[in-house]
Amino acid sequence: MMNVVSKMEDLRMLAPWVRIIKGENRREQVNVLLRALGVPLLAFAIFLAIWDSAAKSVVTSLGQVPGPTQVAEQAKGLWQEYQAEKEKEAKFYERQEKRNEKKLAKNPDAQVKWREYRGRTTYPQQIMTSLYTVFTGFILAVLIAVPLGILTGLSQTLNNAMNPIIQIFKPVSPLAWLPIVTMVVSAVYVSNDPMFEKSFITSAITVMLCCMWPTLINTSVGVSSINQDLLNVAKVLRLSWWAKITKVVLPSAVPMIFTGMRLSLGVGWMVLIAAEMLAQNPGLGKFVWDEFQNGSSNSLGRIMVAVLTIGLIGFMLDWIMLQLQKYFSWDKSAANR
Amino acid sequence: MSAHLNIDHVSMEFDTPSGKFLALDNVNLKIKKGEFVSLIGHSGCGKSTVLNIIAGLYQATKGGIVLDGLEVNEPGPERAVVFQNHSLFPWLTAYENVELAVKQVFKGSKSKAEMKEWIEHNLELVHMSHALHKKPDEISGGMKQRVGIARALAMEPTVLLMDEPFGALDALTRSHLQDSLMEIQRDLKNTVVMITHDVDEAVLLSDRIVMMSNGPAASIGEILDVDLPRPRYRLELADDPMYNKYRAEVLRFLHERHAKPDVPSSKVA
């Protein structure tokens, strides 16, 4: 029954179209569509109009605050830069190939050099860097938070011990963590041939420190609220400690763990932008900061593009987590919480 | 004669914030192999405590449980429990729920194919073959309880413990399940200890009914031997004078001789 309902919800947007095509009471179906699609679209249009008129009335030292049209232009500009850069890269490799071929044709034993193209970082690359960093931090956070949450959920004593620590560190802003993390990373991560950039590690660890708490707390609550009867079944079956964790406790807490992970990824994405700004990790945060420092007439428009990108990606990440949650949870109602 | 299951002078004291609370006082009962015993009493009289002590989930403060000459200190599959609220793992199907128990109890002694057969056999016993691969969410309360019984039976218990197994079900479903249980009992001849607060259920199913006095310091009030021939059929029994006599005796015990207000009088005073 529950499955049917959730499947219906997935088809919610599709059903009226099908019915209109079938010719079932068209008027009602058009109304359904208007409510489901028309209202959000209208709201968005109103938002754009307000933005446009408000933007025109504010003039900063970098010129007028960009309205929707200017932002769209900047987005297009960023895309063209990316295309141009890609072309340059392709040409670079083509030239290199020809040059080396010529050399080898003259003298098969010649030493040829293969260089990597080092052009400007483009906007899509910065997005990828941000995503890579946030997932690294997020996965580290989950790897720490889930086992720790299970332990604190199982033991009231450990929970009492950990609770003050969790409560104190949970509200700390990434901006406060960053200097400490930077110093620690510079001191500890010393290598002549580093596999990762320091700025990347600093950002990822800051994300981890800020986003592990929701997963930790939710896992702990999920584990401690497990049905006593189920634990009694485990006792009657004489399950080993490990079997009890993997077969009873963990599956039972999965819906809560996923709720926590979804919150964590949201926090992580928000924190990442600030971390990248300060750590100079070449992602969206650095992009915003560089544009701000750059201070050209295009800067505000480009920053607005970044703001919208950050919002859209955050929305997408949440949606992906929700789908994962729905897929892995036995308790389908938890996904709606 | 040494009993199969001996509940030997069991007392149980709980630590509460307001001091010690004596829940059970000197409960003494010997149960024969293959016997079906019901524990009946008002809610809060410590029936479940007795069952949990037999299961090994609680440790008696005084006295103990002896099963086939060995003392019971911890839970184990030879004393399988059917809980009131089915307690199936909601993320596993009916088959997988039974499988979890079977794998744990018979690992090393049964091959994979034998296990599969055994799981299916037990689900067959409770008439659940049509819903092997349904999750608890997708089946009714009665069906969940059937799977719970199948899981307990699949552990091949020496004693089957049932904690108000049909208490949460509607009357019709309950009578279906009672019939199924009698059918299974006829074939397997398990030793069963069942808690109930349903007089008809107790008389219909039991060889002996143990009536418990109200707590605190609950103990055994009376024991009634139910000497009705098996198989028993509820419709025929409805007009049976012996059945009605037993029924009346249990009712009299519950309502006249030991009717106390829900709140223990000591707290009121």
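Select B:Val193 first. Leaving aside neighbours within four places in sequence, this residue is in contact with B:Ile31, B:Val37, B:Leu39, B:Leu51, B:Ile54, B:Val159 and B:Leu161; contact requires C-beta atoms, placed from the backbone, to lie within 7 Å. The model is predicted: local features need pLDDT of at least 70 and side-chain atom pairs count only at pLDDT 80 or more, whereas totals for chains, interfaces and linings use all residues. Residues are numbered from 1 along each chain as its sequence is written, and chains are lettered from A and ligands numbered from 1 in the order in which they are written.

**The core around B:Val193**

B:Val193, B:Leu161 and A:Val207 have the most contacts inside the largest nonpolar core, which has 134 residues. Such a core is a set of buried Ala, Val, Leu, Ile, Met, Phe, Trp, Tyr and Cys residues joined through C-beta atoms within 7 Å. Buried denotes 20 or more other C-beta atoms within 10 Å of a residue's own, exposed 12 or fewer, and partly exposed the range in between, with C-beta atoms placed from the backbone. Helix α10 (residues 241-279) of chain A gives the most to this core, 18 residues. Helices (H or I, at least four residues) and strands (E, at least two) are DSSP runs, numbered from the N terminus.

**The sheet of chain B**

Next, display the strands of chain B. Six of them form an open sheet of mixed pairing, in the order β6-β7-β8-β3-β9-β10. Strands β6 (81-82) and β10 (220-225) of chain B stand at the edges with a single partner strand each, so one side of each is left without a neighbour in the sheet. Two strands count as paired if DSSP finds at least two bridges between them.

Select residues 159-163 and 191-196 of chain B: these are β7 and β8, which pair in the parallel sense over five bridges. The bridge partner of B:Met162 in β8(B) is B:Met194.

Proceed to β3 (residues 36-40) of chain B, which runs parallel to β9(B) and is joined to it by four bridges. Here B:Ile40 has B:Met211 as its bridge partner. Strand β9 (residues 208-212) of chain B has four of its five residues buried, so it is largely enclosed by the rest of the structure. With β10(B), β9(B) pairs in the antiparallel sense over five bridges; B:Ile209 stands opposite B:Leu224 there.

**Helix α1 of chain B**

Select residues 47-55 of chain B. Eight of the nine residues of this helix, α1, are buried, so it is largely enclosed by the rest of the structure. Among the buried residues are B:Leu51 and B:Ile54, both of which are also in contact with B:Val193. Just after α1(B), B:Gly56 takes a positive phi of about 90°.

**Chain A and its contact with chain B**

Turn to the contact between the chains, which takes 15 residues from chain A and 17 residues from chain B. On the side of chain A that touches chain B, α9 (228-236) and α10 of chain A are the elements that give two or more residues. The largest share, six residues, comes from α9(A). By class, this side of chain A has eight nonpolar, two polar and five charged residues; Ala, Val, Leu, Ile, Met, Phe, Trp, Tyr, Cys and Pro count as nonpolar, Asp, Glu, Lys and Arg as charged, and the others, Gly among them, as polar.

Finally, select A:Pro251, which lies in helix α10 of chain A. A:Pro251 is buried, with 20 other C-beta atoms within 10 Å.

Notes:
Contact = placed C-beta atoms within 7 Å.
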